[in-house]
Every structure is written in C-alpha cells, then in structure tokens.
Amino acid sequence: MARASARVRNPAGHAGLIDNAIGLVSAFFDYIETRAALLAVESKAMLLQLALIAVVFGYIFILGSLIVGIAHLTGISWTWIALGAGLVHIALAVVCVLLAKAKLTGRLYPETRAELKKDQQWLKSLAKTEPQ
C-alpha cells in the first residue's frame, strides 16, 4: 500500500533511494553472474588447451628419454638415435598422408557440388532467354 501511495505522489515514476539501491545491487549480481558464466566457459576451453600442451610435452620428454636410454644401452651416440627417431617419425607421417589420400578418393561434399551445378545451369538458361 505504501508503494501505491508513493507512486501517486511521484507521477514521473522515479524510484526512491531504496529502490535504486536494490536495482544497483541486482545489476551488480547480474554482472557477476554473467562474468562467472563466461569464466566457466573460457576455463573449460583453457583446460582443454592445457591438457593438449601437457600431452605434447609428455610425448617430447618420453621420446627424449627413450633416445637417451637406447643410446646408453647400445653405446651409440644419442645424435644417431635421435636422427633415426626423426626418420621414423617422418616415415610414419608420410604413411599417414598416403592413407588419408587413399581414403579421400571420392569427391568432397557431393551435395554442395550438385547444387552448384544446378545453379550454373540455371544461370546459363537465364543468359539464353534474356534478349540481347
């Protein structure tokens, strides 16, 4: 009831100090909530990137340890073992590229290509029907 009478006395609809303070606190908490949601999304993406970086560094350290261990056990210089490991990695990369190329023998995106062909035919038919 007090609000109704205050509204009558204030026809412009301006809120009082308490209403403004409540609005300010509400807006502040909305801002904090939005920032927290954004932080949650960004932290998930960052966690995924950190996990990928950790895996890459782990692979590098394991590979380095294997190279040093094999060099120590065989008595061969670690540079030759590292060269051999590099060549094995390049060979594996070439095999992966060749396998991927063999799997992709068909046309990519056949539906899109069919639509583009239809559009080209339609444009050609328009060019034929237009008076010159």
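So, E115 and K118: their side chains meet in a salt bridge, 3.5 Å from N to O. By salt bridge I mean a side-chain nitrogen of Lys or Arg within 4 Å of a carboxyl oxygen of Asp or Glu, and by that rule the count comes to one. Both residues sit in helix 4, residues 110-129, three residues apart, about one turn of the helix. E115 counts as partly exposed because its relative accessibility is 42%, where buried is under 20% relative accessible area, exposed over 50%, and partly exposed in between, with a 1.4 Å probe and protein chains only.

Quick word on the source: this is a predicted model, where local features need pLDDT of at least 70 and side-chain atom pairs count only at pLDDT 80 or more, while totals for chains, interfaces and linings use all residues. Numbering runs from 1 along each chain as its sequence is written, and side-chain values use heavy atoms, leaving out hydrogens and water.

Okay, the fold. We've got four helices and zero strands, taken as DSSP runs numbered from the N terminus (H or I, at least four residues, for helices; E, at least two, for strands). Of the 132 residues, 3% count as buried. The chain exposes about 12200 Å², with carbon and sulfur atoms supplying 73% of it; that's Shrake-Rupley with a 1.4 Å probe, and for residues only the protein chains shown count as cover.

Now, how do helix 2 and helix 3 cross? Their axes come within 9 Å, at roughly 130 degrees. Axes here are lines fitted to C-alpha atoms, for helices over the stretch in contact, with angles from 0 to 180 degrees between N-to-C directions. The two are therefore oblique to each other: under 35 degrees is roughly parallel, over 145 roughly antiparallel, 65 to 115 roughly perpendicular, and the rest oblique.

Last one: I60 lies in helix 2, residues 17-74, and is partly exposed at 47% relative accessible area.
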